[in-house]
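Here is a short report on a protein model.

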Amino acid sequence: GVDMAGSQVPPRDRLRPVFAVFLLITETLFLATLISEEIERRTIQALLVTPAKVRDFLGAKGAVGVSLAFGEALLFTAIVGGLAVQPLPIVIALLLGAVLVTGISFFLAAVGRDMMSVMAWGIPVVVVMIIPAMSVLFPGMLTDWIKIIPSYYVVDTVNQAANFGGSWGDVWVNLLALAGFGLTFFWLGGMVLVRRFQ
């Protein structure tokens, strides 16, 4: 890894991106359990009797999921001083991360039959998504395979921008990859959830 001798990042600063990403990832379980609860109680079927369409439901759940995940992560990051350096890349990374976790929660809600099965599927997903955050706490421990986990791009972008002053030139590849992962998961998760209602 990079030689950090003389320019170490204090542990409290390394925890900023870890907790911000952790807030995003836990939102996956919250939205997935909310949707599965509505499926189990037949709230969605009652809504679909009205003029509302499945895409209206998905749009509303997507807007709520993205705004909640993004709002929580942004508020936390602002409170702990994570937006002091290069705030715009951090805000965009958190927004794209919120889109990503909302799409993943659509998948979990479609796979799970009730709240407990969503939790059973969701816990392994959350654990895998948290692995890239460990690369911030223990630099050099993980190798390049970690880049296949989509949450890596949120963690790395927030870490570079907040702790090392990474500019657009340093993080644009991460943001591009994150946008691709986020929009793909959101679209595919929505399609899988629509098939569950049909």
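The report starts with the basis of the model and then takes each topic in turn.

## Basis

This is a predicted model, in which local features need pLDDT of at least 70 and side-chain atom pairs count only at pLDDT 80 or more, while totals for chains, interfaces and linings use all residues. Residues are numbered from 1 along each chain as its sequence is written, and side-chain values use heavy atoms, without hydrogens or water.

Helices are DSSP runs (H or I, at least four residues), numbered from the N terminus. Helix α1 covers residues 11-40. Its 30 residues reach 43 Å from first C-alpha to last, close to the expected 44 Å. The expected span is 1.5 Å times one less than the number of residues. Just after α1, R42 has a positive phi of about 65 degrees.

The 25 residues of α4 should span 36 Å, and the end C-alpha atoms are 36 Å apart, which agrees. Of these residues, 18 are buried (under 20% relative accessible area, 1.4 Å probe, protein chains only).

## Cavity

The structure holds one cavity of 30 Å³ or more. A cavity is a set of points on a 1 Å grid, over the protein atoms alone, where a 1.4 Å probe fits but cannot get out; lining residues have an atom within 4 Å of a point. The largest cavity holds about 30 Å³ of space. Its lining includes V21, L24, G97, L100, M129 and S151. Helices α1, α4 (87-111) and α6 (151-164) each give two or more residues to this lining.

How values were computed
On a 1 Å grid over the protein atoms alone, a cavity is a set of points where a 1.4 Å probe fits but cannot get out, and a pocket is an open set with protein on both sides within 12 Å along at least five of seven lines; lining residues have an atom within 4 Å of a point. Grid points are joined across faces, edges and corners, and a volume is the space filled by probe spheres set on the points. Buried means under 20% relative accessible area, exposed over 50%, partly exposed in between (1.4 Å probe, protein chains only).
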